[in-house]
Each structure stands twice: as structure tokens, then as C-alpha cells.
Amino acid sequence: MSVVLHGSLIALLALGWWHFRQTAAPPSVPINATVVDAHTLKGVGTASTPSPQQKAPPQAQPLPAPVEGPPPPTPDEVAMREQAAKEEAEHQEQAEKAEEARQAQRKAAEAAAAEQAAEAQKAEEAQAAEQARKLAAAKKAAAKLAAKKKLEAERKLAEEKKLAAQQAAAERAARVADLQQSLQEDERATEASGALSSWQSEITSRIQNAWNRPPTAQPGIKCVLNVGLVQGGSVTSVSIGDCNGDDAVRQSIQTAVYNASPLPPPPDGIPFPHQLIITFQPTH
Amino acid sequence: MKPTLRMASLLRIFLLVATAACLAPPAARAQLQIQITSGVNNPVPIAIVPFAEAPTDGTDVAGVVQHDLVGSGRFTELPRDKMPATPTSAADVKFGDWKAAGSDYVVVGQVVPVAGGQLAVDFNLLNDLTGQSIARQRFVGTPTALRNAAHRVSDVIYQAITGIRGAFATRIAYIAVAGAGADERFQLVVADADGYNQHLILESRFPLMSPAWSPDGQWLSYVSFENHLSAVYVQRVLTGQRTRVSMRAGINGAPAWSPDGKKLALTLSGNSGHPEIYVLELATQHLTRITDSPSINTEAAWSPDGRFIYFTSDRAGEPQIYRCAATPGSNPERITFTDEYNAGPHVSPDGKLLAMVTRDDSGSYRIAVQNLASGEFRMLTPGRLDQSPSFAPNSAAIMYAARPGQAEEGVLATISVDGLTGLSLRPTQGEVRDPAWGPFIQ
């Protein structure tokens, strides 16, 4: 019983050790993780964030081409000219009006463009600002995270150190306990095996004293008996296995075992064997 | 230091867990491993229950079996007054009762009349602990052969439990000396191995010595001093027909049959005065000299393979046992070195042991055995005047002549080769000496 207990204790110890190994391994991982995160952040800052200097300027609208002046008018031409002038004036007026309209249109377009550009710029600036803010925030967050992580790592390290110290102490204690236990086990094992062997020798001498050896039981003879026992040590059956002895030898060993019955009871903690294998092998 | 400790601790815990896994309750079959490398060498407790007997000459078959088994040194009996019951068949045996009474094994049996005026002896050997029948058999014979049937039962039981072939249904030959002075008679007797059922083979006013069995158990060779001259004879046990095979000048003694039964090793002195070992071919009377030294060489014994002859020689001063090839001109090799006196060699039929008479430091003559492979020397008998060791055909026991205590007359005794037990046989009349244990009877 105690033996089984010992065995399971050993098993538990072994299991505990294994478990400890498994839980002890992780601490190195977060440190690596911190480093990896910092790298990632740096990469983001240099490659992915858009820079305001790099943004292309807004496209300018094309200006209208300049118009050349008209030649001087003739007398015939005065009417004509007048007409022409009138027409011209009208024309010009129209032109001017058109020009005006064009100008207005242009101005409107320009204004619109300017407005658009301003808006775009504004938007761009806002975007840039936003980007910058975001970047700053990200940087701040990263710094905060890094700090936090650093703190965390430091805390963890400290914790680990503490844990390691605790574990070492526990291990030491366990080792001491183990040693003590093994010493106790040694004692108990010695005790148990001593009890077992003294019981065996008790049975052996009992059977040897009961074995009336016939003259034909000489060295070289070897016979194996399978003996059935019941609680209390009474022999209930004797069957002969491998045996190179003659009938007298077989008879004598069977008789010896029955004459030795009942066999002495086993020491505490050792169950009564229901089967006894006895080898008769005279040595002299 | 610490890592080692930790390592050891972990290892131990692992082992413990592994053990616990092995021992874990019911689901996984709990097992424990035990190694047995030695045992005890005690007599096996056995109960020989009196057999149900038909009217006979009163032979107590169970009693004969019990006497055989207990006498071998390998069994101890459950006395009849301690028996929980008297079953005569396996069906009547209540298992468990016998173990409780102190016996691992139970033998039950019956003697029943069968056709032709014969008797059948049925027996069943049971293991009380397992409840199993180990051996059961029927022997049929004439009523006068009832003891022999009982010995055969003993043989079967002995082999079933010891693994060694029983040698109870065998015979012995010995020399008995009856009467005294002018009435002194020398007798060659053949009896059952337990000393019963004696048959007089030859009787003589002159000394008879050194009976020896032929390997087939049909013949006996012996030395007779008829007419005051030593001569070697061979005699057919059943018919009494006999032949004188050697009556040369000087000593004619110590015949020993070769394992093939065709030759006799003899001790002959001829005219030289110092005895030498010879081999006589029975069919041709061809004689071959084996030893050649100006010392005493006698008491030849064959190795079971017939290649060597062991003999006693005083060539080194005191008698010791030597061995040489059973061919002329071979160079003898000294075998015994323990004690100053070793004589009368006899090789066990399995070729492993050499039995001899040894004189210990106190001057007592005792039977000892030497392991021929290892040289290990073991004193078996107490002494003081133990002589003529002879192995049982199963090599498990030795019969010898003894003079226990201050008794004037010799008796025959057996002892198991491991020295476990001794059994004195009842002498018939007067002195008994020179036992020779015969071969297995087919």
C-alpha cells in the first residue's frame, strides 16, 4: 500500500516538475514582444504616414490669350465706318459684354477655383493637421504603450524574479522534502524488503526441513512446483511443472510441501500470495 | 555517495513496486518464488496396515514388509497400536488421519486365495498427504512363497519412495559353524536377505570359506579344506552339483566371479610361498597371472565393468588396497591411504564405492567405504571385529560379519551405505561368517 503511495508521490513530483517547466518558460516571450512592437511602430512612422511637404500644389486655371487693336477708318468709310464703328461698337460692346461675361465667368471660375483651391488647401491642411495630430497621437500612444510595456516588462521581470526566487525556494524545499522522503522510503523499502526476504527464508527453511530427500535427488535435479495456497497459508494444491527427477523425487517434493503446510503468514503490507512457485534444485 | 544512495533507493523502490505488482491482490495472480537447495535425510514415516489375510501358515505379510523397510534405514514405522484404523483397501482409507497419526504414507493390502491353490498378495501404497495411490500390484505364488511375495512388496515400496531398486527379494550365502570339537560342522547356507528361509547347501567337517555368487545367481564358488588341502569349487545352488576348479600346490583361495560369469579371480601361491592374483577361465581352465611381487596379494574383487581387479597387498608394509587392469603385467595402483590397515575390498555394483575392512587408531576393525571418484573415505560400522563386507545388488547397503560386544559368536549385520542404520540378522546356530549378498533375482 505504502509502496503504491510512494510510487504515486514520485509520479506527482515528476508531474509537478514537468508542469513547473511548462509554466516557467513563457517569461522570455513578452520581452521579445516588446521589441517587436517598437520595430513595427518605427516602420509605420517612416513609410506609411503621409508627409505635408510632399503634397503636390493645386493646378492653376489657364489664362485667355491677349487681343490686337483695329486699323484707322476712311470717309467712305465714315458711314461705313460709322456703321462699321457702330457695328464695331456694337460688336465691341458685344465683345466687351462677352468679354465681361467671360471675365465674370472667368472671375467666377477663378474665384470658384480659388475657393476650391483654398478649400482644397484648407482640406489638405486640415488633413495634414489631422495626420500630424494622428501621428502625434500615435507617437504618444506608442510612447505610452512602450512605456507601459516597459513598465509591464519591468514589473513582469520583477515578478518573475520574485517568482523564480519563490520557485527556487520551493524547489529547494521540495528537494529537501524529497531527500527526506527518499530517506524515509529507503528506510521503509529496506524495512519492507527485509521483512519480505525474512518471510521468504522462513518459508524456505520450513520446506527444506520438510523435504525428506530421496537418494536420487542429486545435484543436477531441478523440479518446479506450482503450489496453491489459501488465506492462512494452507496448501490446497501442488502441481509439478518442469522436473527431471524420478517418481521418488516428485513424490518427496509434493509430500514436503504438504508437510510444510500451513506456511507462515506474510509480514504486514504484503498480500498473501495465492500461488507459490517452488524450485527444488539440490546443490550438494 | 548521494546519487548512489538515491539510485539504490530508486532501484529498491522499483523492485518493491515490481514485487508489489507480483503480489498485487486477486486480479493479478499473486506469486512468490522460493528456491529449495537442500533437504533432510530422515527416515520416511510409513504405516504398513496389517493385510486382510486368507488362512495361511501365519506369515504376517505386513510385518515382513515393515521389517524390510525399517531395516533399510530409510523408513520408520507407525506402530500398529498408533494406527487410527485398519483399512485393507484404498477405499477404506480416510486420508488425513494418517498424517495426523504421524505417517506420510499408508500401505494397505490383502492376501486372497486364487486358482491352483496359490495365493495372491494385493497391496496399495498411498500418499496420505496427496490422497494418491503411488503404487499397487499383485504377486501370485505358492503359500510357501508368501514371505518372498512380501519382500517383493517391499521392493516396490522402497523404489517408489527412494528411487532406488529394492533388494529385499534377494538371497545371501554365508558360512555357519555349528557344534564344537569333534562335532564341529561347517555349513554353506543360502537364505533370504532378511536371514529367513535358510537352505543348507553344503556341510563339511573341514573348514568352508569365502562363498561367492555367480553374476546370474545360479552358482556359488567357495573354498573348502576337505582333506586338509585348500581347493576352490563351483557349485550349482539348485542341484548341488559341484566342480573343483583349482587344487594347486599351496594356497587356493578367495574366488571372485568376473562380471560376465566366465572367469574366476583366485589367490594362488603355488610353490613360491607368496600369494598372487590369477584369473581362471572356467570353460578352458586357462590360468593367467595378474600380479607379480614378492609380497602378499589376495582378496581379488572385480570392477563392475570387468576391466579392473582390486586386491589387498602388503607390498608397502601394512595391507592396503590396490587396483590393476585384469590383464597380465599391469602396474598396480594404490587406492587406499586412510589408516594403516585396509583389506578385503568389495566394489559396489554401481561402481561408485569401495568397501573394505579398516583398522582404526584404537585397533578396532570396522567397515568403511571410499568414494572411488572423489576419494572420500567414510567409516560405517562401530567395530570391533567387523569383517567381510558385501554390497547389496542395489549398492544401497552392505552386509558384513560382526562380533558385537563381548559376544564370542559372529553375527551378520547390514548397514546402509550412508551409515544411517544397521540391522543385525539372527544367527542360526553358533558362529556365522563370510556373508555374500547375491544378485537381483529375475
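Two strands pair if DSSP finds at least two bridges between them. Strands (E, at least two residues) and helices (H or I, at least four residues) are DSSP runs, numbered from the N terminus. This is a predicted model: local features need pLDDT of at least 70, side-chain atom pairs count only at pLDDT 80 or more, and totals for chains, interfaces and linings use all residues. Residues are numbered from 1 along each chain as its sequence is written, and chains are lettered from A and ligands numbered from 1 in the order in which they are written.

**Chain A against chain B**

- Contact (C-beta atoms, placed from the backbone, within 7 Å) links 46 residues of chain A with 35 residues of chain B.
- On the chain A side, α1 (2–24), α3 (76–210), α4 (247–260) and β3 (275–280) each give two or more residues.
- The most come from α3(A), with 13 residues.
- By residue class, this side of chain A holds 22 nonpolar, 19 polar and 5 charged residues.
- Here Ala, Val, Leu, Ile, Met, Phe, Trp, Tyr, Cys and Pro count as nonpolar, Asp, Glu, Lys and Arg as charged, and the others, Gly among them, as polar.
- A strand pair also crosses between the chains: β3(A) runs parallel to β1 (residues 31–36) of chain B, joined by 6 bridges.
- Within β1(B), Leu32(B) is the residue opposite Leu276(A).

**The four-stranded sheet of chain B**

- The order is β23-β24-β25-β26 in an open sheet of 4 strands, with antiparallel pairing.
- β23 (341–347) and β26 (377–379) of chain B are the edge strands; each has a single partner strand, so one side of each lacks a neighbour in the sheet.
- Neighbouring strands are turned by 30° against each other on average, direction ignored; the axes are lines fitted to C-alpha atoms.

**β23(B) with β24(B)**

- β24 (residues 353–359) of chain B pairs with β23(B) in the antiparallel sense over 5 bridges.
- Val357(B) is the bridge partner of Ala343(B), and Arg359(B) stands opposite Tyr341(B).
- Their hairpin has 5 residues between the strands, and Gly351(B) takes a positive phi near 75° there.
- 6 of the 7 residues of β24(B) are buried (20 or more other C-beta atoms within 10 Å of their own, C-beta atoms being placed from the backbone), so this strand is largely enclosed by the rest of the structure.

**β24(B) with β25(B)**

- Antiparallel pairing over 7 bridges joins β24(B) to β25 (residues 365–371) of chain B.
- Arg366(B) in β25(B) stands opposite Thr358(B).
- This hairpin has 5 residues between the strands, with Gly363(B) at a positive phi near 85°.

Notes: Contact = placed C-beta atoms within 7 Å. Axes fitted to C-alpha atoms, helices over the stretch in contact; angles between N-to-C directions. Buried ≥ 20, exposed ≤ 12 C-beta atoms within 10 Å, placed from the backbone.
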